[in-house]
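Subject: Structure handover

Hello,

Here is the structure I promised to pass on. Please open it beside this email and follow along.

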Amino acid sequence: MHQTVDAALGINLLHANQEGADHNRVHFDEWGVTCLNLMSSPGAGKTVLLEKTLAALRPELKIAVIEGDMTTELDADRLRQYDVPVIAINTGRSCHLDAKMVAGGIHQLKQDHRPTDLDLVLVENVGNLVCPAEFEVGEHAKVALLSVTEGEDKPLKYPVMFQAADCLLITKIDLAPYLDIEIERIVANVRQLNPRVKVIPVSAQSGDGLERWFDWLRSQVRSRKPAHQSA
Ligand SMILES: Nc1nc2c(ncn2[C@@H]2O[C@H](COP(=O)(O)OP(=O)(O)OP(=O)(O)O)[C@@H](O)[C@H]2O)c(=O)[nH]1
Ligand SMILES: [Mg+2]
Ligand SMILES: [Zn+2]
Ligand SMILES: [Zn+2]
């Protein structure tokens, strides 16, 4: 939950967070690791997508997960079954991860694992369509998920997330036939706000679109690996 802050204090808070995010990014860059921040409303499908991603891409890519949840380790425990480093961060009353919380996770990765062996750190943010987009955690790119059950108007009503996203996954497209919804209209609403965003419709259930998502992940990793390391 957010403290009530006046505008100046709010700006200071974001400024301090930005410094923390820069610190985190230096770690990732030193390790040659790509970090992506996955954000969405509660239940849009972040953890299921991570499960499918770990199942398909490991061991091709060495992945670690930083899992943000307010109170439980339910999602972290689901992902630990894939035999990858999973760092759980409980945010308490906060409805988003901030850079300082993620720094704790990064330092734990550094202590307990060999982060230079990693290719990719995937951060699952707290389910919230608003403020995670404002608090950078040191990621190289932001991935927003919007499920078809949430409605075509959500990009317009919650613009910050969709303006900030580098990649938008429209999730649960297997459910689209049962809903009064057109995926093209979601895409058009997003493009109004953010013409450059990469849009990938997916269904974790049917597998549709997942190969495009995996290819986008591979390209993100490749773009940040030092030349002598890339295959
Ligand atoms: N039909 C369908 N259901 C899905 C799909 N992906 C996820 N779900 C369901 O949506 C629900 C929420 O999925 P999660 O992956 O837990 O969502 P989340 O975004 O991680 O949720 P929070 O971490 O609580 O914000 C579960 O019941 C999933 O089975 C999909 O592609 N199709
Ligand atoms: Mg989850
Ligand atoms: Zn918040
Ligand atoms: Zn540090």
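Predicted model: local features only at pLDDT ≥ 70, side-chain atom pairs only at ≥ 80, totals over all residues.

Leu-38 stands opposite Val-143 in β5. Residues are numbered from 1 along each chain as its sequence is written, while chains are lettered from A and ligands numbered from 1 in the order in which they are written.

**Strand β1 and its neighbours**

Stay with Leu-38 for a moment. On the β4 side, its bridge partner is Glu-124. Strand β1 covers residues 34-39. It pairs with β5 in the parallel sense over 4 bridges. Two strands count as paired if DSSP finds at least two bridges between them. β1 and β4 also run parallel, joined by 5 bridges.

Leu-36 has Ala-141 as its bridge partner. Met-39 stands opposite Ala-144.

Is β1 enclosed or open? It is largely enclosed by the rest of the structure, because 6 of its 6 residues are buried. Buried means that 20 or more other C-beta atoms lie within 10 Å of the residue's own; exposed means 12 or fewer, partly exposed is in between, and C-beta atoms are placed from the backbone.

In a regular strand the side chains alternate between the two faces of the sheet. Look for that in β1. Thr-34, Leu-36 and Leu-38 point one way. Cys-35, Asn-37 and Met-39 point the other way.

Now step across to β5. It is mostly covered, with 5 of its 7 residues buried. It pairs with β6 over 5 bridges, in the parallel sense. There, Val-143 stands opposite Cys-167.

**The whole sheet**

How many strands form the sheet? There are 7, in the order β3-β2-β4-β1-β5-β6-β7. The sheet is open and the pairing is parallel. Neighbouring strands are turned by 20 degrees against each other on average, direction ignored.

Helix α2 lies across β1, β2, β4, β5 and β6, and runs at about 160 degrees to β4. Helix α4 (residues 99-112) packs on the sheet and touches β2, β3 and β4. The direction of α4 makes about 150 degrees with that of β3. Contact means C-beta atoms, placed from the backbone, within 7 Å. For the angles, axes are lines fitted to C-alpha atoms, for helices over the stretch in contact, and values run from 0 to 180 degrees between N-to-C directions.

**Around ligand 1**

Which residues come nearest to ligand 1? They are Gly-45, Lys-46, Thr-47, Val-48 and Gly-127, out of 17 residues around the ligand. A residue is near if its C-beta atom, placed from the backbone, lies within 6 Å. Helix α2 (residues 46-57) gives the most to this shell, with 3 residues. The shell divides into 5 nonpolar, 8 polar and 4 charged residues. Nonpolar covers Ala, Val, Leu, Ile, Met, Phe, Trp, Tyr, Cys and Pro; charged covers Asp, Glu, Lys and Arg; the others, Gly among them, are polar.

Most residues other than glycine have a negative phi, and most peptide bonds are trans.

- A cis peptide bond joins Arg-58 and Pro-59, with omega about 10 degrees. Pro-59 is in the loop between α2 and β2 (63-69).
- Asp-83 has a positive phi, near 60 degrees. It sits in the loop between α3 (74-80) and β3 (86-90). Asp-83 is exposed, with 10 other C-beta atoms within 10 Å.
- Lys-172 has a positive phi of about 60 degrees. Its loop runs between β6 (167-171) and α7 (183-193). Lys-172 is buried, with 24 other C-beta atoms within 10 Å.

**From the record**

An unreviewed UniProt entry lists residues 38-200 as "domain: CobW/HypB/UreG nucleotide-binding". UniProt positions are given in the numbering used here, feature names are shortened, and annotations may be inferred rather than shown by experiment. The end C-alpha atoms of residues 38-200 lie 14 Å apart. That span is 33% helix and 21% strand.

Best wishes

Notes. Helix = DSSP H or I, 4+ residues; strand = E, 2+ residues; numbered from the N terminus. Contact = placed C-beta atoms within 7 Å.
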